[in-house]
Amino acid sequence: MSPEMNDFEFDRRFFCRTMPAELDDGSAPTLIVQSYYVHSDNYALRVRLISRKVRIEMNADTDAMAVLDQYRDSFTEASVAIKGPSVGGTRYEAEREIDANIAAELIKRGGQVIIKNRFAAWIGEDGWDIDVFGGSNAPLVVAEAKRSRPLTNLIIPDFCVTEITDQTRFSNDGLAGKPFDTWSKDFDRELAEQGPHFEQIYGRNRHESSPSDASF
């Protein structure tokens with residue numbers, strides 16, 4: 001695949017009520033602290049720090065900057081990314097590694113910050129990320145399936161309540177600008193009135209019960 005095509009993400013994203021217990025093996029998830037410096041019209045500039053050594057509980061009281069200060073030396077991976085709008089589950093993203101200390105200083109100096117735990121698992125044929133958000137985005141849980149090509153004929157596990165692939169309010173940059181706790185009640189009302197929705201433009205959706213065959 002050409003470098004230009006490698007800069008495109010193919011994903012589908014789903015709102016979840018909780019983190020599926022069967023997908024948590026008890027080890028430290030990927031802890032992510034990231035800051036958005038541009039997040040307008042679904043364009044974004046993001047700086048991200050990653051730790052794979054620390055397990056932090058995500059709730060409304062989780063303070064991203066306090067976590068960064070306390071566990072600064074545990075964040076050993078960092079990147080900067082530019083993102084374009086998501087259209088039909090496809091989004092342009094150019095991401096490059098940067099020095100973790102530089103990333104930490106950038107995050108401390110500006111932007112709007114998000115903190116989350118990311119759990120990874122294989123479910124059926126696909127790799128999934130399940131993000132559990134903290135701070136003003138708690139108790140949001142988003143599951144995301146990614147491929148190097150469009151996600152057609154996807155197995156959708158039953159912990160996925162409804163599809164949010166092209167809902168910009170659920171994108172990380174959307175959540176940075178307008179956190180989940182400011183509109184979660186409105187979303188709950190919408191879901192109760194309209195019911196769950198799963199896109200039909202990606203081929204045949206396959207729904208399965210709890211992923212007992214999931215592997216890490």
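Reader: This is a predicted model. What pLDDT does the protein chain average?

Author: The chain averages a pLDDT of 86, and 83% of the residues score at least 70. By element, helix H2 (residues 64–70) has the highest mean, 97. Helix H1 (residues 3–6) has the lowest, 46.

Reader: Over which residues does pLDDT stay under 50?

Author: First, the general idea. Where pLDDT is low, the predicted coordinates should not be read in detail. Here, residues 1–5 stay under 50, with 3 contacts beyond four places in sequence. Residues 210–216 are also below 50, and that stretch has 18 contacts beyond near neighbours in sequence.

Reader: Now arginine 46. Is it buried or exposed?

Author: Buried means under 20% relative accessible area. Arginine 46 has 2%, so it is buried. It sits in strand E3 (residues 43–51).

Reader: Which side chain does arginine 46 join through a polar contact?

Author: Glutamate 95, at 2.8 Å. Arginine 46 also touches other residues, including Tyr36, Val80 and Glu93.

Reader: How many aromatic pairs does the structure hold?

Author: It holds 10. Take phenylalanine 170 and phenylalanine 180: their centres are 6.3 Å apart, with 40° between the planes, a tilted pair. Phenylalanine 170 is in the loop between strand E10 and helix H4, and phenylalanine 180 is in the loop between H4 and helix H5.

Reader: Why is the pair of phenylalanine 170 and tryptophan 183 edge-to-face?

Author: Planes over 60 degrees apart count as edge-to-face. These planes stand at 80°, with centres 4.9 Å apart, so the pair is edge-to-face. Both residues, phenylalanine 170 and tryptophan 183, are buried.

Reader: Which residues do ring pairs link into a cluster?

Author: Phe15, Phe170, Phe180, Trp183 and Phe187.

Terms used
Residues numbered from 1 in each chain as written. Heavy atoms only, no water. Helix = DSSP H or I, 4+ residues; strand = E, 2+ residues; numbered from the N terminus. Buried < 20%, exposed > 50% of the residue type's maximum accessible area, 1.4 Å probe, protein only. Polar contact = N/O pair within 3.5 Å; in protein donor to acceptor, adjacent residues only side chain to side chain. Contact = heavy atoms within 4.5 Å. pLDDT = per-residue confidence, 0-100. Phe/Tyr/Trp six-rings, centres within 6.5 Å; stacked < 30°, edge-to-face > 60°.
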